[in-house]
Amino acid sequence: MNKFIADCLRVHYADMQGYVSAGMESDKTEEKLFLNANENPYELPGLEGFNRYPEPQPKALAKAYADLYGVNTDQLVMTRGADEAIVILTKLFCEPGKDAVIICPPTFGMYGVNASAMPCEKLEIPLIKQERSYALNKDEIITTATDPAKNVKLIYICTPNNPTANSFDHAEIAEIIKSVEGKAIVILDETYAEFAKQGSLAPRLNEFPNLVILRTLSKSFSMAGMRMGCFLCADTDFIALAKAKALDAYPLPHASVNAALSVMSAETQKIARANIDKLLSERDRMVKALEAMDQIRTVFESDANFILVEMDNAGDFIAFAKSRNVILRDFSKGEFTLGCIRISIGTPEQNDIVLDLLEEFKNQKAA
Ligand SMILES: Cc1ncc(COP(=O)(O)O)c(C=O)c1O
């Protein structure tokens, strides 16, 4: 393991023994009789195979992810969505009461929740609000992360960022990763990378020993309900340690594994990618339509499948939409997103409903 990652790990992980499940002791092959996991030998109709525990980290799935993201199979840990990857990484690196993480709000809330659960300190370095976008405060991130007194272990960067929807330039992210090498680990959340123009940094994983990338099938591959994702790191020893010592015993259910394998087949990927194109063209249509509305003050740049919008009476509009069974996300009272709502891009018909509601809301207010 690279010395820096080994030093960052909470010390007890070095000697701690992970759980060796029955499933890990022997590969599942047809000719073997498995009486080692207290499973029920009787399959129920329509539920065949579910009587057996799943492979903890299925090899076929690792291969599919590795091909998809352009990394090696031993450079990834499969998790229940990117959410579980955040839980695992916090647990591995953040010593309660001692270490800190850098978070750049407004951003995805689970980074802070997991830090608080340890608990470890959250150092907030807010994004810099610009006319139609949000920028990283690169210098402040680097200064804070390289200050030994701050005990920063993890820096979360989310691109495209939720909820602002904009991307941060790969060159700028690479500069941060390089500048904090030997001081902190950058967790790059690429949950929305398939929607982004610049794509993913995963093909450059081997350039950065202090980089961990989060990926998920939830958004671009329409699999939120199956909870499938992974994290990537160049250091194969770290990946092996995480698998051996930081995972639940059988984390990935059969149904989710099968669905993930199916969605990554060439045929289904083609459909998923066509859907991404549809969503992007709908997003662009929505941006134009929203920009033309008087009550909309700012439509922030979007490189994702959602849009952050600053508008008059944002909270009231959220309530109005809800009264019509249209649920949008209210950020209007957030310190860094005052007056903003987040709209996920739906089908053309669903998006038209939102536009119609905005028009109706404006007319009501004017009356
Ligand atoms: C930025 C970001 N990261 C991670 C997640 C969690 O994704 P998953 O469904 O893979 O757990 C989300 C979900 O909305 C998200 O917006």
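Q: Which helix gives the most to the shell around the ligand?
A: Helix α4, residues 81-93, with three residues. Keep in mind that this is a predicted model.

Q: Which residues surround the ligand?
A: Gly81, Ala82, Asp83, Phe108, Cys158, Asn162, Asp189, Thr191, Thr216, Ser218, Ala224 and Gly229.

Q: And how do the residues of that shell divide by class?
A: Six are polar, four nonpolar and two charged.

Q: Switching to helix packing. At what angle do α6 and α7 pack?
A: About 15°, with the axes 10 Å apart; α6 covers residues 138-145 and α7 covers 170-179. Angles under 35 degrees count as roughly parallel, so α6 is roughly parallel to α7.

Q: Is the crossing of α6 and α7 left-handed or right-handed?
A: Right-handed.

Q: Which residues make the contact?
A: On α6, Lys138, Ile141 and Ile142; on α7, Glu172, Glu175, Ile176 and Ser179. By class, that contact has three charged, three nonpolar and one polar.

Q: Backbone next. Where is the cis bond at proline 160, and what is omega?
A: The cis bond joins threonine 159 to proline 160, with omega about -15°. Proline 160 sits in the loop between β6 (152-158) and α7.

Q: What about the peptide bond from methionine 118 to proline 119, cis or trans?
A: Cis, with omega near 0°. Proline 119 is in the loop between α5 (110-117) and β3 (121-124).

Q: What is phi at arginine 227?
A: Positive, about 60°, although arginine 227 is not a glycine. Its loop runs between β8 (211-216) and β9 (229-233).

Q: Is arginine 227 buried or exposed?
A: Buried, because arginine 227 has 21 C-beta neighbours inside 10 Å.

Definitions and conventions: Residues are numbered from 1 along each chain as its sequence is written. This is a predicted model: local features need pLDDT of at least 70, side-chain atom pairs count only at pLDDT 80 or more; totals for chains, interfaces and linings use all residues. Axes are lines fitted to C-alpha atoms, for helices over the stretch in contact, and angles run from 0 to 180 degrees between N-to-C directions. Helices (H or I, at least four residues) and strands (E, at least two) are DSSP runs, numbered from the N terminus. Angles under 35 degrees count as roughly parallel, over 145 as roughly antiparallel, 65 to 115 as roughly perpendicular and the rest as oblique. A crossing is left-handed if the near helix is turned anticlockwise from the far one by less than a right angle, and right-handed if clockwise. Two residues are in contact if their C-beta atoms, placed from the backbone, lie within 7 Å. Ala, Val, Leu, Ile, Met, Phe, Trp, Tyr, Cys and Pro count as nonpolar, Asp, Glu, Lys and Arg as charged, and the others, Gly among them, as polar. A residue is near a molecule or strand if its C-beta atom, placed from the backbone, lies within 6 Å of it. A residue is buried if 20 or more other C-beta atoms lie within 10 Å of its own, exposed if 12 or fewer, and partly exposed in between; C-beta atoms are placed from the backbone.
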